[in-house]
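Here's a quick tour for anyone meeting this structure for the first time. Have a look at it below, then read on for the highlights.

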Amino acid sequence: EGRHIRIYAFPSLIIAPNPARDNIRIYTTLTAPGDYIVQIVNIEGSVLHEDRVTHSGTLASSHETTLDASTWPSGQFIVRFTTPLVVHTDRLVIQR
């Protein structure tokens with residue numbers, strides 16, 4: 001008997017289009033088992049959107065979220081992707 005070591009790739013986050021006008025697609029790769037959370041946060045720190053996914057498999061899988069941002073004001077937002085391995089943040093720009 002020996003120890004088993006699992007090596008996982010880091011999860012990925014893609015935001016398209018960026019800058020955006022109305023609809024935003026967020027593509028994520030789920031690599032390690034656990035909970036994954038995507039949040040859109042405005043400049044004041046308020047969460048405008050939250051999407052939670054639980055990945056229970058050992059193989060990587062993809063997840064896509066489409067958001068309607070037509071009522072959001074123009075400006076910059078933070079996309080926070082919290083995973084079992086890392087917290088990733090990226091900037092999202094809404095332009096009208």
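Which side chain meets that of Arg25 in a salt bridge? The partner is Glu64, with 3.0 Å from N to O. Keep in mind while you read that this is a predicted model.

- Let's start with the strands: 3 of them form an open sheet, and the order is E1-E2-E5.
- The pairing in this sheet is antiparallel.
- In general, the strands of a sheet are held in pairs by backbone hydrogen bonds, and the pairing can be parallel or antiparallel.
- E1 and E5 are the edge strands here, since each of them pairs on one side only.
- On average, neighbouring strands of this sheet are turned by 15° against each other, if you ignore direction.
- Zooming in on E1 and E2, you'll find 4 bridges between them, in the antiparallel sense.
- To follow one of these contacts by eye, go to Ile15: its bridge partner in E2 is Ile26.

**The salt bridges**

- How many salt bridges does the structure hold? There are 3.
- Back to the one we opened with: Arg25 sits in strand E2, while Glu64 sits in strand E5 (residues 61–68), so this pair ties together parts that are 39 residues apart in sequence.
- Both ends of that pair are partly exposed: Arg25 has a relative accessible area of 41%, and Glu64 has 42%.
- Another salt bridge joins the side chains of Arg96 and Asp22, at 3.6 Å from N to O.
- Why does this pair tie together parts that are 74 residues apart in sequence? Arg96 lies in the segment after strand E7 (87–94), whereas Asp22 is in the loop between strand E1 (13–16) and strand E2 (23–30).
- Arg96 is partly exposed at 45% relative accessible area, and Asp22 also counts as partly exposed, at 38%.
- Then there's the salt bridge between the side chains of Glu50 and Arg52, where N to O is 2.8 Å.
- Is each end of that pair exposed or partly exposed? Glu50 counts as partly exposed, with 37% relative accessibility, but Arg52 counts as exposed, with 55%.

**The aromatic rings**

- Searching the whole structure turns up 2 aromatic pairs.
- One of them is made by Trp72 and Phe77, whose ring centres are 5.6 Å apart.
- The planes of these two rings are at 40° to each other, and the pair is tilted.
- Are these two residues buried or exposed? Trp72 counts as buried because its relative accessibility is 11%, and buried means under 20%.
- Phe77 is buried as well, with a relative accessible area of 4%.

**A nonpolar patch on the surface**

- Now for the outside: which residues form a nonpolar patch on the surface? They are Phe10, Leu85 and Val86.
- Together, these three have about 280 Å² of accessible area.
- If you want to find Val86, look in the loop between strand E6 (75–82) and E7.
- Val86 is partly exposed, and its relative accessible area is 30%.

Definitions and conventions
Residues numbered from 1 in each chain as written. Predicted model: local features only at pLDDT ≥ 70, side-chain atom pairs only at ≥ 80, totals over all residues. Heavy atoms only, no water. Phe/Tyr/Trp six-rings, centres within 6.5 Å; stacked < 30°, edge-to-face > 60°. Buried < 20%, exposed > 50% of the residue type's maximum accessible area, 1.4 Å probe, protein only. Salt bridge = Lys/Arg side-chain N within 4 Å of Asp/Glu carboxyl O. Helix = DSSP H or I, 4+ residues; strand = E, 2+ residues; numbered from the N terminus. Patch = residues over 30% accessible without salt bridge, like charges linked within 9 Å, V, L, I, M, F, W, Y side chains within 5 Å. Areas by Shrake-Rupley, 256 points an atom, 1.4 Å probe, with all protein chains shown as cover. Pairing = 2+ DSSP bridges. Axes fitted to C-alpha atoms, helices over the stretch in contact; angles between N-to-C directions.
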